[in-house]
Amino acid sequence: MTNIADLEIFSRVVSAGSLSGAGRELGLSPAVVSKRLRKLEDRLGTRLLQRTTRQVALTEAGQGFYERVVAIIAGIEEAEAFVTRRSTQPRGTLKISAPTSFARMHIAPHLGAFMRENPDLSINLVLSDDFVDIVGDGFDLAIRIAELSDSSLVARRLAPVERVLVAAPSYLSEHGLPQSIEDLERHVCLPQHNNEAWRLEGPHGPVVYRAEGPLQTNSSEVLREAVIAGMGLALRSTWDIGAEIASGRLVRVMPEFAASKSVAIHAVYPSRRFLPAKVRLFIDYLAGLYGPVPYWETAPDGAGSTPVDGEALAHTPRPNGSAGRPNGARP
């Protein structure tokens, strides 16, 4: 099969009108150009050029060959330009994996604006709370809320995650306000469905508390609704319940304790090399939306009622027998 580089040399010789002129354009010596042309003619079994010391002229076979070579080279250049455009302009389908609740609350509401700005791009958003196989399942990127370990994937941090202890005012009015980790023993706690321990950072360092409670569910959204309904205490991310804290539907308790800040919201994708424009653009879009202080960390304009006073709740008398059920192991 003919080497594409030999076709390029042949085309340049014809357009330049000489071997030396083509050699200057390609950075090759006239001897190298002549040798490559001879190899091309030998492979084709015909003479393409009549050569003199001053100029070259196409043979009849060379004329027909040249017209086709020009079309081939133009096609290659067009193909390269097409790929280059695709790498710099967003188009096609962007396949994304994202956690269910986070996607519903903080990705879906912003897709309209993003797609209006990029009309040649379509979105395939697949919701899953499991870590998908990005490469094997053909995803362009995944949004992950985790403390990421070493992997062959590339991750970009989009926003910090603040996880805090919260409860509804109705629950605190009945059970009182916990003041210490030990107080959690006397409260109803709502643990994650996988019974993952609450790993907290406090005034005196890290604390691990094994929360156990009467409700078990594999749904983060059910757990969210349970704490809002006053069923107990929960450790929740502010991206999930920031509006409820701002409106007073939930109250932060024991604010000196919070989950480890090593967990963050990341965009994860297979490779840093030749990152498609559609992936880069969407990641930049989310990073711009969230930023180092995400919008869910600030109270929305006109948010609800005044937050409940935790100090007042701390002194609210508890009804007899309402101390709550013993719950969980000691930290």
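Tutor: Of the 331 residues of the protein, 41% count as buried, where buried means under 20% relative accessible area, exposed over 50% and partly exposed in between, with a 1.4 Å probe and protein chains only. The model is predicted, so local features need pLDDT of at least 70 and side-chain atom pairs count only at pLDDT 80 or more, while totals for chains, interfaces and linings use all residues. Residues are numbered from 1 along each chain as its sequence is written, and side-chain values use heavy atoms, with hydrogens and water left out.

The secondary structure comes to eleven helices and 13 strands; these are DSSP runs numbered from the N terminus, helices being H or I with at least four residues and strands E with at least two. Residues 24 or more positions apart account for 77% of the contacts with a separation of 6 or more, a contact being heavy atoms within 4.5 Å.

The largest nonpolar core has 30 residues, and those with the most contacts inside it are Ile107, Leu141, Ile143, Leu158, Ile265 and Phe282. Such a core is a set of buried Ala, Val, Leu, Ile, Met, Phe, Trp, Tyr and Cys residues joined through side-chain atoms within 4.5 Å. Two or more residues of this core come from each of strands E3 (92–98), E5 (141–146), E6 (154–160) and E13 (264–269), and from each of helices H5 (100–106), H6 (108–117) and H10 (277–290). H10 gives the largest share, seven residues. A second, separate core has 21 residues, including Ala167, Leu177, Leu233 and Ala259.

Within the largest core, Ile265 shows how partners gather around one side chain. Leaving out residues up to four places away in sequence, Ile265 touches Phe102, Ile143, Arg144, Ile145, Arg156, Arg157, Leu158, Ala159, Pro160, Val161, Trp239 and Trp296.

H10 itself has 14 residues and reaches 20 Å from its first C-alpha to its last, close to the 20 Å expected at 1.5 Å a residue; the expected span is 1.5 Å times one less than the number of residues. Its buried residues are Ala277, Lys278, Val279, Phe282, Ile283, Tyr285, Leu286, Ala287 and Tyr290. An α-helix has 3.6 residues a turn, so residues three or four places apart point the same way. After H10 comes Gly291, with a positive phi near 75 degrees.

On a 1 Å grid over the protein atoms alone, a pocket is an open set of points where a 1.4 Å probe fits, with protein on both sides within 12 Å along at least five of seven lines, and lining residues have an atom within 4 Å of a point. Of the 39 lining residues, the closest to the centre are Asp129, Ile145, Arg163, Gln192 and Glu196.

Elsewhere, Met254 is buried, with a relative accessible area of 3%. Met254 lies in the loop between strand E11 (251–252) and strand E12 (258–259), and has a positive phi of about 45 degrees although it is not a glycine.
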